[in-house]
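Open the model in a viewer and keep the selection tool at hand. The stops below are meant to be taken in order.

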Amino acid sequence: RTAAQKIAKDLNKRYGLICQWDCDEVTFDGVGVSGNMQVGKSQIKLDVQLSFLLAPLKGPIEREINKQLDTLLVKA
C-alpha cells in the first residue's frame, strides 16, 4: 500500500489527477483520463480509461505508466 500511495501522490503531482482512497482501492480522475488502482498483498491492479482524444496515445502512455510503476515499486 505504501508504494500505491506514492504512485497516487505522483499521479497528482505530475498530472493533476484527483485521487481518492477507499480501503485498498484508489480512484483517480483528470482531464481526459480516469481509472482506479486496487492494491493487493503482492500485486497492484491498474485500470485506466482514456478519452477519445488521448486514445491514439495509448501505447506511449502505457509504456510510461509501466516505467513509473517499476521505478516506484523498486523504491518502496
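The tour goes from a helix to the core, then to the pockets and to a few single residues.

This is a predicted model, in which local features need pLDDT of at least 70 and side-chain atom pairs count only at pLDDT 80 or more, while totals for chains, interfaces and linings use all residues. Residues are numbered from 1 along each chain as its sequence is written, and side-chain values use heavy atoms, with hydrogens and water left out.

**Helix H1**

Select residues 2-15, which form helix H1. Helices (H or I, at least four residues) and strands (E, at least two) are DSSP runs, numbered from the N terminus. At 1.5 Å a residue, the 14 residues of H1 should span 20 Å, and the C-alpha atoms at its ends are 20 Å apart, which agrees. The expected span is 1.5 Å times one less than the number of residues.

Now colour the buried residues of H1: Ala 3, Ala 4, Ile 7, Ala 8, Asp 10 and Leu 11. They cover an arc of only 160 degrees around the axis, which puts them on the same side of H1. The arc is that of the directions from the helix axis to the C-beta atoms. Turn to the other side of H1, where Thr 2, Lys 9 and Lys 13 are exposed. Buried means under 20% relative accessible area, exposed over 50%, and partly exposed in between (1.4 Å probe, protein chains only). Just after H1, Gly 16 takes a positive phi of about 70 degrees.

**The nonpolar core**

Next select Ala 4, Ile 7, Ala 8, Leu 11, Leu 17, Val 26, Phe 28, Val 33, Met 37, Val 39, Leu 69 and Leu 72, the twelve residues of the largest nonpolar core. Such a core is a set of buried Ala, Val, Leu, Ile, Met, Phe, Trp, Tyr and Cys residues joined through side-chain atoms within 4.5 Å. At least two residues of this core come from each of H1, E2, strand E3 (33-39) and H2. H1 gives the largest share, four residues.

Centre the view on Leu 11, Tyr 15, Leu 17, Ile 61 and Ile 65, which lie nearest the centre of the largest pocket among its 20 lining residues. Its volume is about 420 Å³. On a 1 Å grid over the protein atoms alone, a pocket is an open set of points where a 1.4 Å probe fits, with protein on both sides within 12 Å along at least five of seven lines; lining residues have an atom within 4 Å of a point. Helix H2 supplies the largest share of this lining, seven residues.

For the second largest pocket, select Leu 46, Val 48, Leu 50, Lys 58, Ile 61, Glu 62, Ile 65, Asn 66 and Leu 69. E4 and H2 are the elements that give two or more residues to this lining, and the largest share, six residues, is from H2. The space in this pocket is about 180 Å³.

**Single residues**

Go to Cys 23, in the loop between strand E1 (18-22) and E2. Is Cys 23 buried or exposed? Its relative accessible area is 60%, so Cys 23 is exposed. Cys 23 has a positive phi of about 60 degrees although it is not a glycine. Most residues other than glycine have a negative phi.

Finish at Gly 35, in strand E3. Gly 35 counts as buried because its relative accessibility is 8%. From Gly 35 to Pro 56, the C-alpha to C-alpha distance is 17 Å, and the two are 21 residues apart in sequence.

Terms used:
Points joined across faces, edges and corners; volume = space filled by probe spheres on them.
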